[in-house]
Amino acid sequence: MRKPRDFDAELKALGEKARGLKSRKVQQLGELVIATGADALDANELAGALIVLAETKEAGKREAWARRGAAFFQARARRIAPTTDRHPDGPPAQPSGAQPASSRKGAT
């Protein structure tokens with residue numbers, strides 16, 4: 001006979017995982033605000049800017065913002081990358097999720 005599943009334990013584990021992911025998301029958002037210098041803005045200014053961003057439907061503006069954000073993260077990754085990860089005779093290491101520059105150029 002198979003052992004019955006403990007649905008309560010599985011549900012509890014999923015709830016804990018969800019709380020952990022939400023906590024990590026909030027922490028990363030705070031780190032992003034600090035890294036961009038947006039922590040110097042008043043909370044009302046920051047909220048207003050985010051509302052305008054969320055309400056913007058113009059694809060051109062959103063794409064430009066996305067490119068600028070990607071450039072920010074790439075520049076930041078290059079600044080904080082330890083020198084031991086770099087290979088002098090090979091291409092530079094890409095952070096997880098980043099695409100090589102050659103594959104991005106045609107994707108515009």
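Predicted model: local features only at pLDDT ≥ 70, side-chain atom pairs only at ≥ 80, totals over all residues.
1. A pocket here is an open set of points on a 1 Å grid over the protein atoms alone, where a 1.4 Å probe fits, with protein on both sides within 12 Å along at least five of seven lines; grid points are joined across faces, edges and corners, and the volume is the space filled by probe spheres set on the points.

2. The lining of the largest pocket comprises 16 residues, and L32, T36, L50, L53 and G69 lie nearest its centre; a lining residue has an atom within 4 Å of a point. At least two lining residues come from each of α1 (7–36), α2 (43–55) and α3 (59–80), and the largest share, six residues, is supplied by α3. By class there are 13 nonpolar, two polar and one charged residues in this lining, where Ala, Val, Leu, Ile, Met, Phe, Trp, Tyr, Cys and Pro count as nonpolar, Asp, Glu, Lys and Arg as charged, and the others, Gly among them, as polar.

3. Buried residues make up 2% of the 108 residues in the chain, with buried meaning under 20% relative accessible area, exposed over 50%, and partly exposed in between (1.4 Å probe, protein chains only).

4. From first C-alpha to last, α1 spans 43 Å with its 30 residues, close to the expected 44 Å, the expected span being 1.5 Å times one less than the number of residues. Just after α1, G37 takes a positive phi of about 85°. For α2, with 13 residues, the reach is 18 Å, close to the 18 Å expected, and D42 caps its N-terminal end through a side-chain oxygen 2.8 Å from the backbone nitrogen of N44.

5. Within helix α2, L46 is partly exposed, with a relative accessible area of 24%. Apart from neighbours within four places in sequence, L46 is in contact (heavy atoms within 4.5 Å) with V33, A38 and L41; V33 is 13 residues away in sequence and 9.5 Å away in space, C-alpha to C-alpha.

6. T56, in the loop between α2 and α3, is buried at a relative accessible area of 12%. Leaving aside neighbours within four places in sequence, T56 is in contact with K61, R62 and W65.

7. Residues are numbered from 1 along each chain as its sequence is written, and side-chain values use heavy atoms, with hydrogens and water left out. Local features need pLDDT of at least 70 and side-chain atom pairs count only at pLDDT 80 or more, whereas totals for chains, interfaces and linings use all residues.

Terms used
Helix = DSSP H or I, 4+ residues; strand = E, 2+ residues; numbered from the N terminus. Polar contact = N/O pair within 3.5 Å; in protein donor to acceptor, adjacent residues only side chain to side chain.
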